[in-house]
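Visitor: Hello! Could you walk me through this structure, step by step?
Guide: Gladly. Let us look at it together first.

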Amino acid sequence: MYRQKGNPAYLFSIVLVAVIGGLLFGYDTAVISGAEKGLQAFFKGAADFNYTDGIHGFTTSSALIGCVIGAFLSGILATRLGRKKTLFVAGILFFLSALGSYYPEFIFFKKGVPTIGLLFAFNCYRILGGIGVGLASALCPMYIAEVAPASKKGALVSWNQFAIIFGQLVVYFVNYLIVRSHASDPAVVEWTNNVGWRAMFVSEAVPAGLFALLILFVPETPRYLVLNGQDNEALRVLSNINGESKAREILSEIKGTAAHKKEKLNAYGFMVVFIGCMLSVFQQIIGINAVLYFAPRIFESMGVSNNMLFTVIMGVINISFTLVAVFTVEKLGRKPLLITGSLGMALGALGVALSNVVSLPAFVPVISIMLYSACFMFSWGPICWVYIAELFPNTIRSEATAIAVAFQWIFNFIVSSTFVPMYNMKLGTMGDSFGHFFAYALYGVICLVAAVFVWKLVPETKGKTLEDMTALWRNRSEKEIG
């Protein structure tokens with residue numbers, strides 16, 4: 001017996017569980033922003049090796065290695081295990097990483113004694129969490145897109161980005177509270193260097209455990225079920241969301257594009273995978289994660305005294321502007337938001353760059369960096385994930401999404417690991433100002449290139465079903481062959 005009318009509460013509940021994966025994505029990638037200085041001070045006390053800036057850059061970015069691995073594995077796991085089971089695996093990895101990063105000495109090392117072996121163990125735990133992030137980053141938007149009605153798909157996938165930013169805001173606030181909890185202690189710096197960073201990492205265990213538990217109660221996606229011959233179960237899920245009449249119509253469309261369980265990656269031509277990958281690349285090389293990961297350090301270099309508080313304020317601004325995308329993506333479309341955001345980011349980045357070569361009031365670079373971040377939050381932040389979830393045809397979606405997301409994490413690692421050395425570059429009389437100028441000038445120029453790329457090559461997907469996109473790319477590939 002199938003539902004005659006769709007149940008909005010049912011759709012809301014399963015999307016809500018999925019976006020907790022997005023929250024963990026944001027939490028895990030941003031927790032390092034508060035912990036990195038304490039972590040650096042802790043390992044600088046090692047007697048058996050010299051903890052250099054280069055090693056610190058790698059350590060703060062090591063989770064991104066796991067993200068690349070997780071993204072590549074996501075296609076295989078999503079195809080073989082399904083979307084739901086793969087998200088469960090991600091939740092378990094988040095949980096284990098939180099505990100391991102808190103206590104990397106487990107079994108093999110003496111607690112509180114920094115050594116090269118302990119650093120290796122810590123990075124392994126961070127990489128483990130990164131694999132969870134890589135899986136969640138690919139699967140959460142894919143899951144939402146495959147269960148959501150076409151008219152709500154863009155907005156619901158955008159909620160995943162909202163959850164990512166909310167996760168970052170939560171961890172900024174948690175980090176702030178952890179530091180504040182010992183603010184009156186004369187030995188607060190020593191406490192932060194030895195205990196505080198551990199508390200920041202282990203705090204993730206709570207949402208990670210909740211996600212792993214709740215994901216057991218959501219259904220598998222209808223598209224995956226049809227691709228695996230479970231049409232009746234797919235119809236049941238679709239009926240719960242859309243009502244039986246509409247569900248049978250959608251099921252027919254899905255079956256029409258799923259004649260083959262799997263097709264070759266190039267079955268729809270080169271451009272579909274190229275555009276998906278380049279959207280991922282641009283989302284990273286415009287430099288946003290360098291700002292998110294090192295926000296406290298950046299505000300400190302601008303002369304802001306309470307840098308952790310300003311990081312929380314930036315988090316509030318970020319989450320507010322993410323809501324702009326959530327409520328306008330189905331009205332304005334994907335391309336206008338991406339192009340507008342790119343131009344706004346360019347203005348903000350170039351404003352910061354200019355502030356390092358021209359004497360301007362202190363609020364100018366602070367406002368500029370917040371403009372840069374805010375514009376990302378209503379454009380490249382959510383809309384890139386919407387495109388990755390919508391762009392690819394059903395029969396190659398798992399593999400194409402895995403490749404696109406892997407590109408994203410590869411370039412995330414490149415940007416994040418090169419930011420500190422680039423930011424600290426010196427040149428003649430300019431000193432540190434040169435590195436500060438160069439980093440943001442480079443990101444500003446890349447933002448302009450990204451706007452042109454979207455304008456010229458990226459198709460609009462507003463109002464189109466996943467099956468419409470399959471037809472669009474098949475027609476394009478046939479024209480190329482013809």
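This is a predicted model: local features need pLDDT of at least 70, side-chain atom pairs count only at pLDDT 80 or more; totals for chains, interfaces and linings use all residues.

**A guided tour of the chain**

Visitor: What percentage of the 482 residues in the protein chain is buried?
Guide: A residue counts as buried when its relative accessible area is under 20%. Across the 482 residues of the protein chain, the buried share is 60%.

Visitor: Is Phe25 buried or exposed?
Guide: Phe25 is found in helix 1. Its contacts, leaving aside neighbours within four places in sequence, include Phe94, Ile164 and Trp409. Leu135 is 110 residues away from Phe25 in sequence, yet their C-alpha atoms are 9.4 Å apart. The relative accessibility of Phe25 is 7%, and the cut-off is 20%, so Phe25 counts as buried.

Visitor: Which element gives the largest share of the lining of the second largest pocket?
Guide: This pocket has a volume of about 340 Å³. Of its 15 lining residues, Phe12, Val15, Leu16, Val19 and Trp159 are the closest to its centre. Two elements give two or more residues to the lining, helix 1 (8-44) and helix 6 (153-180). The largest share is eight residues, and they come from helix 1.

Visitor: Which residues is Val326 in contact with, leaving aside its neighbours within four places in sequence?
Guide: Val326 sits in helix 15, which covers residues 307-332. With a relative accessible area of 5%, Val326 is buried. Val326 and Ala155 are 171 residues apart in sequence, but 4.9 Å apart in space from C-alpha to C-alpha. The contacts of Val326 are Ala155, Ser158 and Trp159.

Visitor: Why are helix 18 and helix 19 described as roughly antiparallel?
Guide: Helix 18 spans residues 380-390 and helix 19 spans residues 397-423, with their axes 9 Å apart. An angle over 145 degrees counts as roughly antiparallel. The two helices are therefore roughly antiparallel, as they pack at an angle of about 155°.

Visitor: How many nonpolar residues are there in the contact of helix 18 with helix 19?
Guide: From helix 18 come Cys384, Trp385, Ile388 and Ala389, and they meet Arg397, Thr401, Val405 and Gln408 in helix 19. By class, this contact has one charged residue and two polar ones, and its nonpolar residues number five.

Visitor: Is Ile107 buried or exposed?
Guide: Ile107 lies in the loop between helix 4 (83-102) and helix 5 (116-147). Ile107 is not a glycine, although it has a positive phi of about 70°. Its relative accessibility is 64% and the cut-off is over 50%, so Ile107 counts as exposed.

Visitor: Which residues is Thr465 in contact with, leaving aside its neighbours within four places in sequence?
Guide: Thr465 is in the loop between helix 20 (432-457) and helix 21. Thr465 is buried, at a relative accessible area of 17%. Its contacts beyond those neighbours are Ala150 and Glu253.

Visitor: What separates the C-alpha atoms of Thr470 and Asn394, in Å?
Guide: Thr470 has its place in helix 21, residues 466-481. Thr470 is buried, with a relative accessible area of 4%. Asn394 is 76 residues away along the chain, and the two C-alpha atoms are separated by 6.7 Å.

Visitor: What is the relative accessible area of Leu448?
Guide: Leu448 lies in helix 20. Leaving aside neighbours within four places in sequence, Leu448 is in contact with Leu343 and Ala346. Leu448 counts as partly exposed, and its relative accessible area is 39%.

Methods: Residues are numbered from 1 along each chain as its sequence is written. Side-chain values use heavy atoms; hydrogens and water are left out. Axes are lines fitted to C-alpha atoms, for helices over the stretch in contact, and angles run from 0 to 180 degrees between N-to-C directions. Helices (H or I, at least four residues) and strands (E, at least two) are DSSP runs, numbered from the N terminus. Angles under 35 degrees count as roughly parallel, over 145 as roughly antiparallel, 65 to 115 as roughly perpendicular and the rest as oblique. Contact means heavy atoms within 4.5 Å. Ala, Val, Leu, Ile, Met, Phe, Trp, Tyr, Cys and Pro count as nonpolar, Asp, Glu, Lys and Arg as charged, and the others, Gly among them, as polar. Buried means under 20% relative accessible area, exposed over 50%, partly exposed in between (1.4 Å probe, protein chains only). On a 1 Å grid over the protein atoms alone, a cavity is a set of points where a 1.4 Å probe fits but cannot get out, and a pocket is an open set with protein on both sides within 12 Å along at least five of seven lines; lining residues have an atom within 4 Å of a point. Grid points are joined across faces, edges and corners, and a volume is the space filled by probe spheres set on the points.
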